[in-house]
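Biologist: I'd like to know what stands behind the words you use for a structure like this one. Could we go through some of them together?

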Amino acid sequence: MAELIDLVLLGMLAITALRIIFLKDLFAVVMLFGIYSFLSALIFVNLDAVDVAFTEAAVGAGIATVLMLGTLALTGRKEKANSHTALLPLLVVIVTGAALIYGTLDMPPFGDPENPANQHVAPRYIEESPQEVGLPNMVTSVLASYRAFDTLGETAVVFAAAIGVLSLLGLPKQSQATIESGLKSHLVLRVVAKLIIPLILVFALYVQFHGDYGPGGGFQAGVIAAAAIILYALVFGLPLATQVIQPKLLKILASMGVLIYAATGVAGLFFGGNFLDYNVLASDPVAGQHIGIIVIEFGIGVTVFAAILSIFYGFASQAERANIQ
Amino acid sequence: MFAQHFPVLPIVLPLIGAPVCMLLARSQLAWLFATLISGFSFFISIVLLLTTLDQGVLSYALGGWEPPWGIEMRVDVANALVLSVVTGLSTLVLVYAKQSIDKEIDRNQHTLFYTAHLLCLAGLSGILSTGDAFNLFVFLEISSLATYTLVSLASDRRALTAAFRYLVMGTIGATFILIGVGMMYMKTGTLNMLDLAARIAEYDSNRTLNTGLAFILIGVSIKLALFPLHMWLPPAYTHAPSAVSAFLAGTATKVAVYVMVRFIFTIYGAEYVFHEMGMDVILLVLAIVAIFNCSFVATVQSNVKTMLAYSSVAQIGYMILGISLVTSAGLMAGLLHIFNHALMKGALFMAVGAVLFRTGSADIKAYYGLGKRMPLTMAAFTIAGLSIIGVPLTAGFVSKWYLVTAALEQQHWLIAFLILTGSLLAIVYIGRVLEVAYFKEPADPTDTTIKEAPVLMLIPMWILVLANIYFGIDTSLSVSAADAASKWLFQPAADLGAVR
Amino acid sequence: MSFIVDYYNYWIVVFLMMAGFYIVISANNLVKKVVGLNIFQTSVFIMYISIGKVSGGSAPILADGITSYSNPLPHVLILTAIVVGVATTAVGLALIVRIKRAYGTVEENEFKDKDALI
Amino acid sequence: MILETLSTILLISGAFFSLTGAIGLFKFPDFFTRVHAASVTDSIATILIISGLILRTDFDLVAIKLLFILVFLLLTSPTASHALAKSARHGGLLTLAEIRDTQNKDNG
Amino acid sequence: MNIWSALEPSQLINLSIIVPVIGAALLVFAGKRPNLRETVSIATAVILFTLVLGIADNTFNQVPMATTWVVLLSGLNIAFSVEPLGVLFALVASFLWIITTIYAIGYMRGHHEQNQTRFFCCFALAISTVMAICFSANLLTLFIFYELLTLSTYPLVTHAGNEEAKRGGRVYLGILLTTSIAFLLFAVLGTWVSAQTLEFTPGGVFNDVSSSGLIAVLLVLFCYGIGKAALMPFHRWLPAAMVAPTPVSALLHAVAVVKAGVFSILKIAIYIFGIDNLSEIATTDLMLYIGAATVLLSSFVATTKDNLKARLAYSTVSQLSYIVVGALLASSIAAAGATLHIVTHAFGKITLFFCAGAIMVATHKKNISEMVGLGHKMPLTMIAFAIGALSIIGLPPMAGTWSKWYLLVGALEQDKLIIVAVLTLSSLLNVAYLLPIPIKAFFTPAEPNQQPESWTETQHTPLPSLIAIAVTASACLLLFFFPQPIIDLINLIPGVSTEF
């Protein structure tokens, strides 16, 4: 059954991808990409990767699509007819694809528990992590403890992206003067938004702190919280949003998040452990792990929230500029 | 007290430094702070280099989780050497950057520049030190993202398209690496490099592993701008701010070369890659084509920065050539050239940046008569240029010497000859600039604004120039480090795995 | 037959990857290129997750009565990779916005005409 | 047992409404009618499906979560449909009837 | 004779290389005051000559002298040691430096040249590298300073700074660097790989020369790699470099640079291959005949040139190949002749160049056709010219007689009758292109209205230049009557002897 669903979803993905190749309407391309992302999230669920699915839905289908739409608003939605022949790319792709197919021939069978990938390192995570780290969600254990350095890097990547977008697009100026609504006439929208935004924020907090037990964690929480503010900015206008969450504050928050994470690692040094060693943070190693994971997840959440939001601010300020012009 | 944590500090220091830099908000403060952080990392790298020369490899388990379950930092002579180059050059470039950035980048973006620089440094250090294949990908992306930002900070609009092209190519490369790592993981169930090596050694030849390696090599080749995949590099280096070009040319591609070395020698083992898959011939041919094609293209450029960028691609050809000789001597020559090339290209790009600072142009016309107006800058350019050519008593000569000896040891007479003739093209492109600088009259002799570059730019430039001479004469440090590194890398991969 | 059952997943994923890769290298429009990059990367993510799937296993969250879990390690890796992907996308799109402002177009062949690109 | 049957009925009818919505999305002639079809899917189908799912739980935390989702969807999806239609209207899109009218006027 | 006997003998080598460098540094500081500057110049030259005299004294007393500067790697040093061949060349070069400096002072002032400080400074640096070449203990050292000599003389060649000078400089640098990097460095590396040593060893470094094709190739590479020996077809740089001021042409292109080339070939023939082994190498005859062809062809070319310096340049090309031929004849007498020819040709040719320069300063004439009847106006110069010409031709009572005599005897001893014929024919050609100049100058009446009657030689030729001309011309004579000290020195060279 699971295989069948998998196959159907993969087939839909293939159709979507093919459609994207031939479409010239970029708006449709972006929407299809959103669908593509969402379908892959479904596949991830089907393949037991709930955390990944959550992230993919929030990031790929959510944030990435919003950013792409924002870009389209500034650059136009039509792709121009392509004059040069696509023969060379086709050739490159066929060769690369053939190489990959060649590579699959010696691959271990799909789903087999005897595969090397499932036999060597992973069993320890599955068997020991509930005792060693003390969390039921093994993904969180691996993410935040065994491979915490990867995650620190990931946080730095988000931070770097924020730096990049800031340097390219800048942040909106805080304008005290005219606070005009983006969608003034949409009364229904405004009412519902006011109702929903607090709910979203609560949900974000839930995801943030429930990540140890179920799917979720700082990353998803940060994205969801940012989405709440993005919704606010869309409905009530960017100027108002920048008054609620000031761009300057975002810069500080984004930095602070990384610092919180790194400081947790450094704390390990001072307590006599290695960098990012949480065992030494408390007398009981498992308690130490708990403290460490909660703090760094918080750090991730803060950075991701601030980074995503400032990226959105960057794009939105450009859009406003374009409107004024 | 912190001595045992040194393997991780060159990464963590700039990684912490970056957000702090962002918080500092004042350009001056951020500069000072970034320079200090970078300098401190350099100091640690030197200590690491000396320690590894003395004691061999240093392993550091992050989070206290022993590998292969946790992530491991693994510093040996080879990466400590490259690490010293990267952190050292970063420090010098930061000193240099202060005034160059003032002129080339918008005032309120200065802190962003220093933050991105530190992030880039953290990423590069991470790539070098890590002992985990996926961790390498993460740090690769940190440095790449920071690099795109740094390149796009330039005021020229062409920097934007260059950065975008770099981004697309870089992401394709990173994704290829990701595919390759995935295939390796699929067959071995581990991501730790030593563990991978031990487990790959159990397979004779495996189609999945071969494909994985091929994808990693192609991905890394994009990052290191190996010949047919180099097209992103010249525009990026041309239009980036001078300080960025100086830093990237000396470090980013070199780190990628090191990654290639690491995958070939540490993980798969030279035996597997070169004898089973015959990669040496492919790399050799590409390297030689790179040397000639790009040196030749360099000779016809009118923009000096572009010229140097193409020269960089050609010089990368020399490094790959050394690797593809499949001998300890060849690998040693390649590693040595990583070190020496960072010295000379850093100095050259700094000199070009200084000219850009004063004249506002990198076109060769701006160099008319500069020999008199900016004597120290042009002297630096001359000496570093001679080093590129490979004139005796410069660092460039040393690396060429070892490269040719390595080729001759294998009875590759033709290759040795090609290496030497390749450097003749360097005479042409460096000579063109020197000739107009010293023998042409300036276009506008009355222009008094063009004078010697500021001291803060000259000092790092000349440190590199003097290093070029020093390491051209006293080669004991660089050669012995490269030699130890190549010997270390060249032992069969399975043995490395058995160390633990 | 078992051959196909064992590998169909990877083959479709390869097809998806190549579709994305094709869009990246053939598209003339920069936004479409970024979309292609995302499709390419997302497909690679599916490959990774497929590696970790264990038939009959369940999501790697400790629960009573479940003995077989899927491999959590690829999930962690891909979580990281997704973030990296979106970070790259954000920077890429920001660059596109700036390019549009500087050149007035986001079609690759058009700004090549406007600058003698080196 | 009864619960299960009930839930199956709910799920199947939910799926049916979803399907009609999808068919409508394809078959209907213009924007506004299509929005209509889509919003039917959103509202009635979600109610049915989620109720069906709730009946299959042990009425623990999961049921409450599903309830939350239901409330959330009931709040957002009509709003989305509304916003969509209203924007289209603001953008100057005409219904079929209106188009016919204007065409008649032009002809007449 | 040895005023430096208080010093440790080996220190003399260091001093002889460093003293000119110190001189150059002092020149920079003395640059503003011409008198001081020239005093420094001459003082440096004299001190250097006494140093070399000291070294020569020690050599006669069989005092070993050696010093190592830098150890690049085991077996690869920058090291110096004294052997008679080098001493001889050092004596000639350092003595003629004094004379040339004196001459140059007059010439440069008389000609109102620009950038005189740079001129004297580079001049001193060039001599320093020549000293290093003389005393180099191994091929690497020789190669390094050979390259530095090229670089330090480049500014001298392009001294005029105009388009023609730049073109000449480009050819000069292009050919010399190209040949040295592509061929010489290659040959050095080949020697290193096959012989495992680069030390100059009496009798050669190769164990078995006859069977190896490699060594045959190396010989060709060495002969062409040393582009300064101007073997055809790589002789174009020598005429091109004649755009330099005359003192430069005189010292560098009659003495230091070209002689450094043939000196290197002699040194390699004696100490790397071994004179006795040469006959067993397959390509020796090939190179011998190429040398012979160069002798003849360039003599023919010389007869067609009307520009005096160009004619002298081609004459130099021809005479250099005498030395190459002598080195390759594989006969101890011919080698002695070749060594002696370094000395005699140096004195003869420098006299001719001095005269050409004096004529140019005094009358601004460059072409031979304009010099008809000049003997009446400038009798001293023209007499000196005649003496120099006779010495080059090899007629008694001039020094050139001896060297040509030994060369002929060597050729006869080896039964190379073609070489004998070539040498004879070439001497006849020498007569044809050199002697007509003084003959026409004296025996054809001066064209009227050329100069006012009151014009005298001493008035228009700077006195220092005249003194220099007198010294070198008389040296040509003296060396015919008193060649013994030099022949004694030559007989100290292992494998070289004037005995039948």
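Biologist: Why is Asp48(A) called buried?

Modeller: Asp48(A) has 24 other C-beta atoms within 10 Å. A residue is buried if 20 or more other C-beta atoms lie within 10 Å of its own, exposed if 12 or fewer, and partly exposed in between, with C-beta atoms placed from the backbone. The count of 24 meets the buried cut-off, so Asp48(A) is buried.

Biologist: And what am I looking at, before we go on?

Modeller: This is a predicted model, in which local features need pLDDT of at least 70 and side-chain atom pairs count only at pLDDT 80 or more, while totals for chains, interfaces and linings use all residues. Residues are numbered from 1 along each chain as its sequence is written, and chains are lettered from A and ligands numbered from 1 in the order in which they are written.

Biologist: What makes the phi of Asp48(A) worth a remark, and where is the residue placed?

Modeller: Asp48(A) is not a glycine, yet its phi is positive, about 75 degrees. Most residues other than glycine have a negative phi. Asp48(A) lies in the loop between α2 (26-46) and α3 of chain A; helices (H or I, at least four residues) and strands (E, at least two) are DSSP runs, numbered from the N terminus.

Biologist: How do you know whether Leu276(A) is buried or exposed?

Modeller: Leu276(A) has 32 C-beta neighbours inside 10 Å, so by that count it is buried. Leu276(A) also has a positive phi, near 70 degrees, and sits in the loop between α12 (247-270) and α13 (285-324) of chain A.

Biologist: Which bond joins Pro67(B) and Pro68(B)?

Modeller: A cis peptide bond, with omega about 5 degrees. Pro68(B) belongs to the loop between β1 and β2 of chain B.

Biologist: How do you know that β1(B) and β2(B) pair?

Modeller: Two strands pair if DSSP finds at least two bridges between them. Strand β1 (residues 58-61) and β2 of chain B have 4 bridges, in the antiparallel sense, so they pass that test. In one of them, Tyr60(B) has Met73(B) as its partner in β2(B). Along β2 (residues 72-75) of chain B, Glu72(B) and Arg74(B) point one way, Met73(B) and Val75(B) point the other way, and all are buried.

Biologist: Why is chain D called more spread out than a compact globule?

Modeller: The radius of gyration is taken over C-alpha atoms, and the globule rule is 2.2 Å times the number of residues to the power 0.38. For the 108 residues of chain D the rule gives 13 Å, but chain D has 19 Å, well over it, so chain D is more spread out. Its C-alpha trace spans about 65 × 25 × 15 Å along the principal axes, and 9% of its residues count as buried. Chain D holds 4 helices and 0 strands.

Biologist: Which pair of chains shares the most contacts?

Modeller: Chains A and C, out of 5 pairs in contact. Two residues are in contact if their C-beta atoms, placed from the backbone, lie within 7 Å. By this rule 85 residues of chain A touch 69 residues of chain C, and helix α3 (residues 50-75) of chain A gives the most to its side, 15 residues. Chains B and D do not touch; their nearest C-alpha atoms are 34 Å apart.

Biologist: Which residues touch the most other members of the largest nonpolar core?

Modeller: Ala161(A) and Leu81(B), in a core of 606 residues. A nonpolar core is a set of buried Ala, Val, Leu, Ile, Met, Phe, Trp, Tyr and Cys residues joined through C-beta atoms within 7 Å. The largest share of this core, 21 residues, comes from helix α14 (residues 328-359) of chain B. Beyond its neighbours within four places in sequence, Ala161(A) has contacts including Ala307(A), Leu145(B) and Ala87(C).
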